[in-house]
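Here's a two-chain walk-through for you to follow on screen. Have the viewer ready and click along as we go.

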Amino acid sequence: MATSVNGSAIASVVARAQALFDDLSFTSARQWKAASADRKVVGYLPIYVPRELIHAAGMLPLGIVGGGDQLEVIHGDAYYQSYICRIPRSTIELGVSGRLDFVDGMLFPSICDVIRNLSGMWKMMFPKVYIRYFDVPQNYKDEIGGTYYTHELEELLRELAGLRGKPITDDELRHSIAVYNENRRLVRDLYTYRAQRPWQTPAAEVYLMMRAGLVLPVEEHSALLRDYLEAAANAERPRRDNCRIVLTGVFCEQPPLNLIKSLELAGCYVVDDDLLLVTRWLTADVPVEGDPLENLARAFLHHSESTAAKYEPDLAEKGQHLVRAVRRTDAEGVIFACPSFCDPALLDRPMLQHVLKAADIPYIAFKYAENSGQMQPIREQAGTFADSIKLWSGT
Amino acid sequence: MTVFVTPKGAPAKTVAKDDSMLKQKEMMATHYDRLSNAPETGDKVASTFVPGNLNELIMCFGLLNNLPEVNAIQSGLRRQSGAYVLEAEKIGHSEDVCTYVKSDIGMMAKGNIGPNGRRLPDPDVLLLSYTGCFTFMKWFELLREQYKCETIMLHTPYMGDGKITKNMIDYMVKQLKEEVIPTLERVSGVKFDIDLLREYLKKSSKAEDDLVRVLQAAKTKPSPIDAYFGGIYYIGPIFGAFRGTEDAIEYYKFLRAEVEERVAEGKGPVTPDGDMGKEKYRLVVEGPPNYTNFRQFWKMFYDEGAVVVASSYTKVGGVYDFGFRHDPDKPLETLAEYCLGVYTNRSLPMRIDMLANYIDEYQADGLLINSIKSCNSFSAGQLLIMREVEKRTGKPAAFIESDLVDPRYFSAANIKNRLESYFQMIEQKRAGVDAAA
C-alpha cells in the first residue's frame, strides 16, 4: 500500500539516518563497542579502504569525514593555515575534543598531501592509537601494482590481527567479502533506482543512507538500505519539473546537507554523485572463492571507481567516467562542487570540463567548505543552470 | 668573489656572487640552450620532477631533462610568474591550487619562453615520477592533455611508517623494469645499457659526497654558507640535469674547495651585498622560499646577521646527509631508494626528527618555517612541526607565510615584522639562558 511522506515508513528510516548523521559523538559506534569487551573500532578517512579486512577482524570500520557544519572548530584551526581545506581541521577537532576517544585504530588512505600528512600528525597526537597510512598502487597491472597492493593488504591484515590478538583467517575474509558484496549491491540498487525515479529518492535522503553506512555495522546498514528502498518505492511523492544532474568533486570533504538539499530546491535532481565513494568504490562483486586478498587487489585494479586521486594511464579515457555517468543516468548536466583548497578536485576539474565540453554536456562549478552556511548563491547558480537546461538544451 | 654592477635601472646595484654561483649559472644557461636547441639538434626531451628525478636513467637514453618546477622558479626569479599564474587562472585554473603548476601552464599558454628568452621544446615524454607530492600527478595529466605525448607513471609509495620496505623497493624496481625503461627505449630509440647507468651512478655518488661536505660546513661557526638562500644555488646542478655528469663532479669539487677556503679564513656566506657581516643568528629553515622577491627576502635575513645553517628545502631533491648515496652496484634499487627517501616523501614524524636534529647538530638558535600557500605537501602539518620541534629542542620557532612564485602572496612588511620579532625572541631566550647560568 502506498504511503504518504509524513508519518510514513520512509520518515522513520530517514529519521534514523538523520540521527546518526547529527550525532558527532558517534554514539551508535560507541554502543556497538561497549556491547563486548573484545570489540574494537577502526576509523578511516576518504576515499577508500578495504573495510572487509576490518570487518574480518571482528572490528567496526568507522568512516570519518570531518565535522560538518555543526561542529565548532576551536582547536583544529590552530593546526592549519588558512589555505588548507577544512576536513583535516575538523577531524583534528573530533580527535582533540575526545569524540574519537573510543577509536582503536585509524587508517589514512592515499588521497592527497593533506590527509597523508594528517596520518603523521595523528601519530604524534594520539600515540596510543594504531595508525596506518594506507597506500594504494597507481599502477594497475596485476604483476606490478597488484603484487604491491596484495602485500600491502597482507601487512594491514597482520597489523589488524595484532590489534585483535589472533590471526584473521581466509574464511573470515571470504565471509566479509560476501557481506560487503551484498552491501554494495544494495547501494548500487539504490543509485540505480534514484537515477530512474529521483523524485522518489531525494538526494539528501540518499546521502543520509550512505552516511549511515559509515557508522553502522555493515549488516545493519544493508538492512537499512533494504528498508529505505522498499519505503521509497511505496511512497507517494510529487514529481517536479527538475533537470537531472551529476554532482562531482565531492569525494572527500563533504558538502553541508543543506547544500545538497539546495540543489534540488533549485531545480536539479541529483541522479549520480561521487559522495562517500567508499560505499561503492568497487564496482563489481569481489569473488568469494580463491585467495581473498588477491581478489580484493584485482577488484581494486580493474573494477573500481575513477576519481581525481587515481592516475588515469590512458589519455583517451581521462574523464570518460563522467561522460558515462551522464549517459547511464540520462543526466542533462554536471555540477562541479569542489571543496575550497582541494588540490585533487580543483586540479582535475579543468580536464574533466574539457571532456564534457567535447561531449557537449553542460556544466557549472562552484566551491564550498563543509561549514558553508550561505546557500543563496549556490541556489541561484544551480537554479540558473537548471533553467538554462530546461529552456535551451536540445534546441 | 665577483662583483657585478647591474647595467640598467637607477640606482645601480652591485650584486656579489661566489665564483661557484657564476659557474652554476653558466651550467644552467648551457642546459637551457641545449633544450632550446633541441628542435635543431634532434635531441629528445623528457620532462620530469625534482623530487624523484632519475637523471642518470634519462641520460642513458640520450634524453634531455626538463624540469617544470625549475622553469617555474626561473619565471619567479625573473618576475614573470605572476602574469603566468594569472593566465592560467584566466583559462580556468582555480586560485586555490599550486602556483608552480599555474606558472607552468601559463608559460605554455604564452609561448613557453624559457629563462634564456627562447622557446622551450615540447617534451617527447613525461616521466611522472610521483614522489612526495600529490600535485605532480595532476600536473602531468594536465601537461599530457596539452602535449599528447607518452606519459610514464612511476609511483613512489609514501614512507608513512618511517621505513622503506622490501615491498616498496620491489614495486618500484618492477615499474622501472617493466614500464619506465621499455617506454624510454621506445621513445628514444636507444637500448638500455645498465653498465652505462652504473657509470652515471658512480659519478652521482662522487658529487653527492662533496655536496654533503658543503652543506655540513655550516656546522662551523661562523657558517661559511647560507644553507637556504645560498643552498638553492648549490643544489641546482645535482637536483636538476647534472646529477651523474662530470660537470656535476667538477662543480661540487670546486664548490667544496671554495667553501673550505671560507672556513679556513673564518668567513661567513657571500650575499648579494657581499660578505655577510657578523653572524648573529643561526637558523634552521623548513619549507621552500619565495622566488618572486628572492633577494629582498634574503636581505631581511643577512641585514640582521641571520644565517640559515640547515634547511629542509635543500633536501627535496634527495636526502644525502644520513649516508644515502646512489649505488652503482644495485642500480635500479638505488634509484628506488633515492625516490623513497626524498624529504617530502618522509612522514611527518621523520621530518620533525630531522629538523630537531639539525638544530642540535648545527647549533642553531631556532626553527623558522616559511609556509608556502601553494604546497600542501610541505605546509599541511607545519604548525604541529613547529610546536614539536620547539618542545624537543627548547629553542624558539617562528612561522611566516608566502608563496613560491605567486607575487600576490608575498607581503614584505608582514614578513619583516615577524622576522624582527623572532630575532628579538631569540635574544630574550639567550638572555634568559645567560641569566640562569
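Which residues are buried in helix 6 of chain B? The residues in question are Thr135(B), Phe136(B), Met137(B), Lys138(B), Trp139(B), Phe140(B), Glu141(B), Leu142(B) and Leu143(B). Buried here means 20 or more other C-beta atoms within 10 Å of a residue's own, exposed means 12 or fewer, partly exposed is in between, and C-beta atoms are placed from the backbone. Helices (H or I, at least four residues) and strands (E, at least two) are DSSP runs, numbered from the N terminus.

Before going on, some bookkeeping. This is a predicted model, where local features need pLDDT of at least 70 and side-chain atom pairs count only at pLDDT 80 or more, while totals for chains, interfaces and linings use all residues. Residues are numbered from 1 along each chain as its sequence is written, and chains are lettered from A and ligands numbered from 1 in the order in which they are written.

Back to helix 6 of chain B. Its buried residues pack against helix 13 of chain A, and also against strand 3, helix 5, strand 5 and strand 6 of chain B; contact means C-beta atoms, placed from the backbone, within 7 Å. Lys148(B) sits in the loop between helix 6 and strand 6 of chain B, and it counts as exposed because it has 10 C-beta neighbours inside 10 Å.

Chain A has a positive phi to show as well: Phe341(A), near 65°. Phe341(A) lies in the loop between strand 7 and helix 13 of chain A, and with 25 C-beta neighbours inside 10 Å it is buried. For context, most residues other than glycine have a negative phi, and most peptide bonds are trans. On the peptide side, the bond from Pro46(A) to Ile47(A) is cis, with omega near 10°, and so is the one joining Lys221(B) and Pro222(B), with omega about -5°.

Now the place where the chains meet. The contact takes 42 residues from chain A and 43 residues from chain B. On the chain A side, helix 5, helix 6 and helix 13 each supply at least two residues. That side divides into 23 nonpolar, ten polar and nine charged residues, where Ala, Val, Leu, Ile, Met, Phe, Trp, Tyr, Cys and Pro count as nonpolar, Asp, Glu, Lys and Arg as charged, and the others, Gly among them, as polar.

Next, the inside. Val334(A) belongs to strand 7 of chain A and is buried, with 25 other C-beta atoms within 10 Å.

Finally, look at helix 16 of chain B, residues 412-436. Leu419(B), Tyr422(B), Phe423(B) and Ile426(B) are buried in helix 16 of chain B, and they pack against strand 9, helix 11, strand 10, strand 11 and strand 12 of chain B.

Technical notes. Expected span 1.5 Å × (residues − 1). Contact = placed C-beta atoms within 7 Å.
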